[in-house]
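I am opening a notebook on this structure. My entries go from the whole chain to the parts.

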Amino acid sequence: MKGIVFTEFLEMVESQLGMEMADRIITAAALPNDGAYTAVGTYDHAELVRLVVALSEATGTPAASLVRGFGVYLFQRFSQIYPGFFTSASGSFEFLGHIENHIHVEVRKLYPEAELPTFFCERPAPDQLSLLYSSPRGFADLAEGLIQGCIAHFSESIALSRVDLADDGAEQRVQFHLVQQPR
Ligand code: HEM
């Protein structure tokens, strides 16, 4: 997993819970590089899971909610770091429909070794979008937070639900449903 995900995670912990907590979870996670990540480096995604587990143990917050919270934070950071991806979409349906064929394609050009999930997108009705997440890394909670962050970014009123289809260790598949709410 790209270092930017690690540096953003540790910056979130530092800004929300302080430097001591960041140092504490780095020590507890017993990382090979003592938490020295660079944004362009590539690291084992299991190290992020270890940091999340350490933060969960230190705070008592379930790991899944921490990862979702990180997704919300990360989306807002992406809008600052990669403003170019945000110029063409007028709302979250349009933006989320672009991840697979545009955004993550550009991410792969920037970072050829990136390990990206697959999203299959459908529009069952004009006010609905469904997004099928699949990845061997099992970061559907991160995807959920990123989707929530996307909805918040566009200040939309959209109900988000998920159906967990499979998580057998080899691949996680989760179907997300988004329904626009009347204002
Ligand atoms: C400007 C928008 C976005 C950018 C720049 C971006 C970029 C990235 C980058 C750099 C990674 C790390 C790849 C690696 O570690 O090797 C990543 C992974 C990921 N992205 Fe995106 N992304 C964006 C939007 C989204 C959105 C909206 C979603 C959710 C619907 C999403 C879902 C994910 C997930 C879940 C992963 C973790 C890897 C996995 O699950 O296998 N991304 N993305």
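**Entry 1: domains.** I looked up how far apart the two domains sit. The C-alpha centres of domain 1 and domain 2 are 24 Å apart. This is a predicted model, so I read every position as a prediction. The domain assignment puts domain 1 at residues 3-61 and domain 2 at 88-180. I then checked where the two touch. Six residues of domain 1 contact five residues of domain 2.

**Entry 2: two helices.** I turned to helix α1, residues 3-17, and helix α2, residues 19-28. Their axes come within 6 Å and cross at roughly 135 degrees. An angle over 145 degrees would count as roughly antiparallel. The pair α1 and α2 is therefore oblique. Next I listed who makes the contact. From α1 I noted Phe9, Leu10, Val13, Glu14 and Leu17. From α2 I noted Met19, Met21, Ala22, Ile25 and Ile26. I sorted the residues of this contact by type: nine are nonpolar, one is charged and none is polar.

Entry 3: Which protein residue gives a donor to the iron atom of the ligand? I found a single one, His104, through its NE2 atom. The distance is 2.1 Å. I also looked up where His104 sits in the fold. His104 belongs to helix α6, which covers residues 99-110.

**Entry 4: the sheet.** I traced the strand order next. Four strands form an open sheet in the order β1-β2-β4-β3, and the pairing is antiparallel. I asked which strands lie at the edges. They are β1 (118-125) and β3, each of which pairs on one side only. From one strand to the next, the twist averages 15 degrees.

**Entry 5: β1 with β2.** I went across the sheet pair by pair. Six bridges hold the antiparallel pairing of β1 and β2. As a landmark I took Cys121, which stands opposite Leu131 in β2. The two strands are joined by a hairpin through two residues.

**Entry 6: β2 with β4.** Strand β2 spans residues 128-135 and strand β4 spans 172-180. They run antiparallel, with eight bridges between them.

**Entry 7: β3 with β4.** How many bridges join β3 to β4? I read off nine, again with the strands antiparallel. Strand β3 covers residues 158-167. I noted two positions along this pair. Ala159 stands opposite Val179 in β4. Ser161 has His177 in β4 as its bridge partner. β3 and β4 make a hairpin with four residues between them. In that turn I marked Gly169, where phi is positive, about 90 degrees.

**Entry 8: recap.** I close with two items to find again on screen. One is His104, the single protein donor to the iron. The other is the sheet, read as β1-β2-β4-β3.

Terms used
Residues are numbered from 1 along each chain as its sequence is written. This is a predicted model: local features need pLDDT of at least 70, side-chain atom pairs count only at pLDDT 80 or more; totals for chains, interfaces and linings use all residues. Side-chain values use heavy atoms; hydrogens and water are left out. Donors are N, O and S atoms within 2.8 Å of the metal (3.2 Å for Na, K and Ca); water is not among the atoms, so sites may look incomplete. Two strands pair if DSSP finds at least two bridges between them. Axes are lines fitted to C-alpha atoms, for helices over the stretch in contact, and angles run from 0 to 180 degrees between N-to-C directions. Angles under 35 degrees count as roughly parallel, over 145 as roughly antiparallel, 65 to 115 as roughly perpendicular and the rest as oblique. Contact means heavy atoms within 4.5 Å. Ala, Val, Leu, Ile, Met, Phe, Trp, Tyr, Cys and Pro count as nonpolar, Asp, Glu, Lys and Arg as charged, and the others, Gly among them, as polar. Domain bounds come from an automatic or database domain assignment.
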